[in-house]
Amino acid sequence: MAEAAVAMKTAAASAPLLVVKDLQAWYGESHVLHGVTFDVRPGEVVTLLGRNGAGKTTTLKSIMGILPKRKGSVTFQGKELMHAPARYVAREGIAFCPEERGIFSSLSVEENLLLPPQVKPGGMSVEQIFELFPNLKERLSSQGTKLSGGEQQMLAIGRILRTGAKMLLLDEPTEGLAPVIIQQIGATIARLKQEGFTIVLVEQNFRFASTVADRHYVVEQGRVIDMIPNAELEENIGKIEAYLGV
Amino acid sequence: MFELLGIPPQALFGQLLLGLINGSFYAILSLGLAVIFGLLNIINFAHGAQYMLGAFVAWMLLNYLGIGYWWALLLVPIAVGAFGIVLERLMISRLYHLDHLYGLLLTFGLALIIQGLLRNQYGISGLPYSIPPQLAGGQNLGFMFLPNYRGWVVVASLFVCIATWFVIEKTRLGAYLRAATENPTLVGAFGINVPRMITLTYGFGVALAAFAGVLAAPVYSVNPNMGADLIIVVFAVVVIGGMGSILGSIVTGFGLGLVEGLTKVFYPEASSVVIFVIMAIVLLVKPAGLFGRTA
């Protein structure tokens, strides 16, 4: 308990790693984000909660520079990334795990795992990734998309741990997975947090989010409308249920 | 001497060899088209003109600068490939956000311009390019006579095709290429410079065409129309093999060359249409092509 309190204090004391300010984004003509503002401190796990279509995925894609039409400000380690294409954002040390997982069918599991180039020193070794996800080791020569949904998710997370990026954007990593796999993903996120990774997690599964996150941002209609620290979850449970409509 | 179905072996194997030579060019050219189409989503109609340009640049190197066949085999693909890179940067790259049709029209227009300029300068009667002395002569194999140069064309094409297949299917660089063909956005989000990869891939595809052009210069006469005549057949080969399939375009290229050769022996009247008949059948039965994946 005491340890956790100290950790929280140091996290609170340090300057935010990622600051998103008044982020707006468009899909073609349709205006999807209307000013998303939030920040993430080093070593934190933060979730973006919200209903379908609230703009959570769009927020991650906009931070990553994948959406061409956007406005506002995204700073990472004090550096403005708003006008940088996705490959520069990646090279600054932000890694993205998309909702559809993005496993390449024309690549083997091993090729998928080794695909993202190293962008910073200090990434995990392949051995360490196998330690997290032993299943992958057995299936290295299989075609990437022949894996089960859970294994594909592990591969999608595993491959970005090699790159040395310390900031991970994970888009609904538990979607469509069996409870036992969700548990394994949860344990992995806790382990990554221990190792000093900073994580932004998009989730619809609020129960899962509450087991791994430090703070929750609630996204609605393209805006962040509330922030709830995980420690104050009990008092706010009614509020959250109203937001999510559960 | 024995006879096969009433055909003297000399004629049979002679035509098969010719078929294999044609197949070599089909294979290299359709391979280049497949690589370009896979990553750029552009149907490179200038491919025939770039092949012809390869033969012409080899001829110019020899006649204006005295640079012979072997250096041409190395330098011409580099020079014509660089020309392709300039085209991609200046023009083709502006069309990626538009429909396929625009890329096709642009490259078709470029082909007409390149052909027209060379026709104006050199006419259409064809320029001679002699076989390098090291490959003059031939071997009597007993059942047929094999000119050395033709044997070399088949071996060199096979080598280039297999090397290209190996790089794309078995190396790290090839994995980037395959991944970017599937999902360029995500590959970019991993920090890889996809636009540069696209440019280099186009340059490589064009260089393959130019390499085929140099190989072809001593076999066919160097002529501004040599590419336009060939490319129509090559497009049929690509359709039969399946758009974007690497192995498919190699196997289909050599295979259809042989089929064409056999047709010349057994039913010569059909030899110029047999590939198109096969194309029509493949389109009816398996529209994605023999090796194609239905998207």
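**View 1. Chain A as a whole.** Buried residues make up 45% of the 246 residues in chain A. A residue is buried if 20 or more other C-beta atoms, placed from the backbone, lie within 10 Å of its own. This is a predicted model: local features need pLDDT of at least 70, side-chain atom pairs count only at pLDDT 80 or more, and totals for chains, interfaces and linings use all residues. Residues are numbered from 1 along each chain as its sequence is written, while chains are lettered from A and ligands numbered from 1 in the order in which they are written. Chain A holds ten helices and ten strands. Helices (H or I, at least four residues) and strands (E, at least two) are DSSP runs, numbered from the N terminus. The C-alpha trace of chain A spans about 45 × 45 × 35 Å along its principal axes.

**View 2. The four-stranded sheet of chain A.** This open sheet has the strand order β2-β1-β4-β5 in chain A, with antiparallel pairing. Its edge strands are β2 (30–40) and β5 (79–80) of chain A, and each pairs on one side only. Two strands pair if DSSP finds at least two bridges between them. Strand β4 (residues 70–76) of chain A is joined to β5(A) by two bridges. In β5(A), K79(A) is the bridge partner of F76(A).

**View 3. The hairpin of β9(A) and β10(A).** Strands β9 (residues 215–220) and β10 (residues 223–229) of chain A pair in the antiparallel sense over six bridges. E220(A) has R223(A) in β10(A) as its bridge partner. Two residues lie between the strands of this hairpin, and Q221(A) takes a positive phi near 45 degrees.

**View 4. Chain B as a whole.** Chain B has eleven helices and two strands. From the N terminus on, its elements run α-α-α-α-β-β-α-α-α-α-α-α-α. Along its principal axes, the C-alpha trace of chain B spans about 65 × 50 × 35 Å. Of the 295 residues in chain B, 47% are buried.

**View 5. Where chain B touches chain A.** The contact takes 13 residues from chain B and 18 residues from chain A. Two residues are in contact if their C-beta atoms, placed from the backbone, lie within 7 Å. On the chain B side, α6 (172–182) and α7 (184–189) each supply at least two residues. By class, that side has six nonpolar, five polar and two charged residues. Ala, Val, Leu, Ile, Met, Phe, Trp, Tyr, Cys and Pro count as nonpolar, Asp, Glu, Lys and Arg as charged, and the others, Gly among them, as polar.

How values were computed. A residue is buried if 20 or more other C-beta atoms lie within 10 Å of its own, exposed if 12 or fewer, and partly exposed in between; C-beta atoms are placed from the backbone.
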